Amino acid sequence: GGNDRRIANASSMDTELFFTRVMNYLAATIAGKFKPVKIVSNGSEANLFAIFTLTENSSACLLACGSYVGGDLGLVHGYSTSDFANDGPAWIMEPCNVVNVTARKQTIPVPYHIPGVMDEQLLQEYEDQCLLHLHNRCLLQRTQGNPVKGVFLELVLASNGSTLSDHYLKKLGVLAKHHSFKIIVDEIMTSARYGVMLLTGTKPIEFVQEVAFITIGKWIKTGMVLASETQRMIMNNNVQGMICRGTSHSIVINEASVYWDVVTQCLSGAEQRRCKVLKKLGIKKEDAWGGGIHIFAPLRYKGITRSTQNRF
């Protein structure tokens with residue numbers, strides 16, 4: 001309705017039509033409960049919008065270890081704990097190497113792993129330890145008068161391809177409901193690349209129900225924030241009674257609209273494309289990780305000495 005459009009800051013008919021196109025496409029999936037509410041310049045700005053809209057206070061948002069929250073010079077640049085590569089995968093930063101004070105305080109252990117590498121029993125013990133830590137953290141912050149309002153995470157770490165099991169995500173959703181915090185899912189690297197527009201929609205319903213925001217970017221040539229129905233209602237209530245000031249300028253989304261249409265037609269070919277890439281690289285299927293066209297392999301780019309060397 002009118003309030004949804006107001007939240008989205010949709011100052012042009014082009015933006016409204018684009019949002020409608022996005023909503024119509026997602027409607028047929030479990031992710032259809034999420035609708036676009038904001039277009040920004042890039043993925044980093046989308047993450048910033050989601051974090052501060054949900055919490056209004058960065059200390060109330062916990063950050064999953066290894067997250068790539070934002071690029072250079074943005075307000076969330078320092079929140080990232082994805083390290084640079086050094087003759088191997090891009091590891092998760094150790095706390096002693098994290099410069100930003102907020103990142104050191106708010107980053108939590110999350111059981112990212114490369115599927116098939118850890119013993120299943122050991123993985124579940126690891127997951128339970130991380131959940132217990134989060135549970136205790138929620139109790140502590142509540143006693144301090146600063147309850148946890150949100151957890152920011154990637155379903156698959158952008159720089160090394162390690163992921164979270166459905167078993168863990170289901171329990172995380174239950175814990176989120178118990179402690180009344182919501183989840184922000186950064187899909188800037190997973191959106192579309194896994195053969196579905198939103199990977200979140202393939203996850204356990206207990207988890208999906210507690211997601212407030214999903215952010216996407218990069219391939220769409222802009223940043224976009226999608227919100228759940230509950231979160232949109234909260235946002236609507238927050239602006240009730242405020243003067244509607246309009247906007248002097250808006251982001252041109254013509255290019256984003258074109259890319260959206262092209263990518264929706266290409267989604268079904270993700271696995272076929274993956275097979276072609278692995279064949280070209282000479283990599284066996286079982287030796288690669290990640291999913292769809294978000295490919296990681298025990299092979300490195302020539303000439304690249306920093307950052308992500310084994311992502312293709």
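**From a lysine loop to a helix pair**

Tutor: K221 counts as partly exposed, because its relative accessibility is 48%, and that label is given to values between the buried limit of 20% and the exposed limit of 50%. Before going further, please keep in mind that this is a predicted model, so every value below is computed from predicted coordinates. K221 sits in the loop between β8 and β9, and its phi angle is near 65 degrees, which is a positive value in a residue other than glycine. K218 is placed in the loop between β8 and β9 (223-227) as well, and phi of K218 is near 60 degrees, again a positive value in a residue that is not glycine. At 48% relative accessibility, K218 is likewise classed as partly exposed.

K182 forms a salt bridge with E210, with the closest N and O atoms 2.9 Å apart.

S180 is exposed, since its relative accessible area is 59% and the exposed class begins over 50%. Computed along the sequence in the sense of residue count, S180 and C138 are 42 residues apart, yet their C-alpha atoms are separated by 9.7 Å in space.

For helix α5 (residues 120-143) and helix α6 (residues 166-179), the angle is about 15 degrees and the axes are 11 Å apart. That makes α5 roughly parallel to α6, because angles under 35 degrees are given that description. The crossing of the two helices, α5 and α6, is right-handed. On the α5 side, the residues in contact are Q124, E127, D128, L131, L134, H135, C138, L139 and R142, and they meet H167, Y168, K171, L172, L175, H178 and H179 of α6. By class, the residues of this contact comprise seven nonpolar, five polar and four charged ones.

Within that contact, D128 and K171 form a salt bridge whose closest N and O atoms are 3.0 Å apart. The pair links distant parts of the chain, with D128 in helix α5 and K171 in helix α6, 43 residues apart. Both ends keep some accessibility: D128 is partly exposed with a relative accessible area of 35%, and K171 is partly exposed with 34%. Side chains of opposite charge can pair when their charged atoms come close.

R142, also found in helix α5, is partly exposed at 45% relative accessibility. If residues up to four places away in sequence are set aside, R142 touches P147 and H179. R142 and T55 are 87 residues apart along the chain, and 14 Å separates their C-alpha atoms.

A search of the whole structure finds five salt bridges, and one of these joins R21 to D261, with 3.1 Å between the closest N and O atoms. R21 lies in helix α2 (residues 13-26) and D261 in helix α9 (residues 254-266), so that this pair links distant parts of the chain, 240 residues apart. R21 has a relative accessible area of 33% and is partly exposed, and D261, at 28%, is partly exposed too.

Helix α2 is also the place of D14, a partly exposed residue with a relative accessible area of 43%. Leaving out residues up to four places away in sequence, D14 touches I253 and N254. Finally, D14 and P298 are 284 residues apart in sequence, and from C-alpha to C-alpha they are 44 Å apart in space.

Terms used: Residues numbered from 1 in each chain as written. Predicted model: local features only at pLDDT ≥ 70, side-chain atom pairs only at ≥ 80, totals over all residues. Heavy atoms only, no water. Axes fitted to C-alpha atoms, helices over the stretch in contact; angles between N-to-C directions. Helix = DSSP H or I, 4+ residues; strand = E, 2+ residues; numbered from the N terminus. Parallel < 35°, antiparallel > 145°, perpendicular 65-115°, else oblique. Left-handed = near helix turned anticlockwise from the far one by under 90°. Contact = heavy atoms within 4.5 Å. Nonpolar A, V, L, I, M, F, W, Y, C, P; charged D, E, K, R; others polar. Salt bridge = Lys/Arg side-chain N within 4 Å of Asp/Glu carboxyl O. Buried < 20%, exposed > 50% of the residue type's maximum accessible area, 1.4 Å probe, protein only.
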